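Okay, thanks for coming, everyone. Let me put the model up, and then I'll talk you through it.

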Amino acid sequence: SPNKKLEDFFSKLGFKSAIKKLNDLDFGEHQAKVNENGNEFKILLNNSEEKKVNYTYEIIQADKDYQNFLKELKKNKRFSLYTEHDSSDIIKRTITSISLSFDGEKSFFLPFAHQEEFLDGKNNLNQKQLMEILSIAWSKEKEVITGHSKRDYDFAIHNNILIEAGIFDVVQMSYSIDPGKKNNFNFLVEY
């Protein structure tokens, strides 16, 4: 098989971490299966048990959707939050979208400056709504799971926003556990 040949090649070169990643990818491919609707994963636990995980997502654009989303955000104490920025320049960048999930099964996508075809750039939420969302999400009683809190802190500092929420950064935690491996959000999601 191609993977076996690649594994042998990596072995001859002494690339032990590449072999491990290749085997992990192989295992992950067999572990997650998507149904015909594309919104259900089957995860094999201990190579025998199956756990089904259904997920959905909602794009928040209309006022009614936005108000319902705010109610959910205010009601939930713990959630994952991912902010997307338009630049790597920490002074000039702005948040272009937020992805958020309260339970790991339903997620929300909130566009602020997207020009994607499916969004047409016309129904983006505005900056006032962005600041309202962040002031709630980063308030004292919230617990936020994120993948790049340093970028969020930079954005907050440059926009005079106070982050009082408890922040758990999976990238920072990954680095603390294993500083020798690649530690960025995209790698962790794929790994």
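Predicted model: local features only at pLDDT ≥ 70, side-chain atom pairs only at ≥ 80, totals over all residues.

Residues are numbered from 1 along each chain as its sequence is written, and side-chain values use heavy atoms, with hydrogens and water left out.

Okay, the sheet. Helices and strands here are DSSP runs numbered from the N terminus, helices being H or I with at least four residues and strands E with at least two. Two strands pair if DSSP finds at least two bridges between them. With that, we get an open sheet of six strands, mixed pairing, in the order β4-β7-β6-β5-β8-β9. So which strands stand at the edges? Those are β4 (56-59) and β9 (166-169), each with a single partner strand, so one side of each has no neighbour in the sheet. Neighbouring strands are turned by 25° against each other on average, ignoring direction; the axes behind that are lines fitted to C-alpha atoms, for helices over the stretch in contact, with angles running from 0 to 180 degrees between N-to-C directions. Zooming in, β5 and β6 run antiparallel and are joined by six bridges. S80, for instance, has S101 in β6 as its bridge partner.

Next, salt bridges, meaning a side-chain nitrogen of Lys or Arg within 4 Å of a carboxyl oxygen of Asp or Glu. How many does the structure hold? Five. One of them is E58 with K106, closest N and O atoms 3.1 Å apart. That pair links strand β4 to strand β7, 48 residues apart. For accessibility, I'm calling residues buried under 20% relative accessible area, exposed over 50%, and partly exposed in between, with a 1.4 Å probe and protein chains only. E58 is partly exposed at 24%, and K106 is partly exposed too, at 32%.

Then there's E143 with R78, at 2.7 Å between the closest N and O atoms. E143 sits in strand β8 (residues 143-146) and R78 in strand β5, so this pair ties together parts 65 residues apart in sequence. K77 joins in as well: K77, R78 and E143 are linked in a network of salt bridges.

And D154 meets R93 at 3.6 Å, N to O. Here D154 is in helix α5 and R93 in the loop between β5 and β6, 61 residues apart. Is R93 buried or exposed? Buried, at 8%, whereas D154 is partly exposed at 23%.

On to the rings, which pair if their centres lie within 6.5 Å (Phe, Tyr and the six-membered ring of Trp), with planes under 30 degrees apart counted as stacked, over 60 as edge-to-face and the rest as tilted. That gives four aromatic pairs. F79 and F102 make an edge-to-face one, 5.9 Å centre to centre with 80° between the planes. F79 is buried at 1%, and F102 is buried at 16%. Together with F69 and F108, these two form one aromatic cluster.

Last stop, the surface: F9, L13 and F15 form a nonpolar patch with about 300 Å² of accessible area together. Patch residues have over 30% relative accessible area and no salt bridge, with like charges joined within 9 Å and nonpolar side chains (Val, Leu, Ile, Met, Phe, Trp, Tyr) within 5 Å; the areas are Shrake-Rupley with a 1.4 Å probe, and for residues only the protein chains shown count as cover. L13 belongs to helix α1 (residues 2-13) and is partly exposed at 45%.
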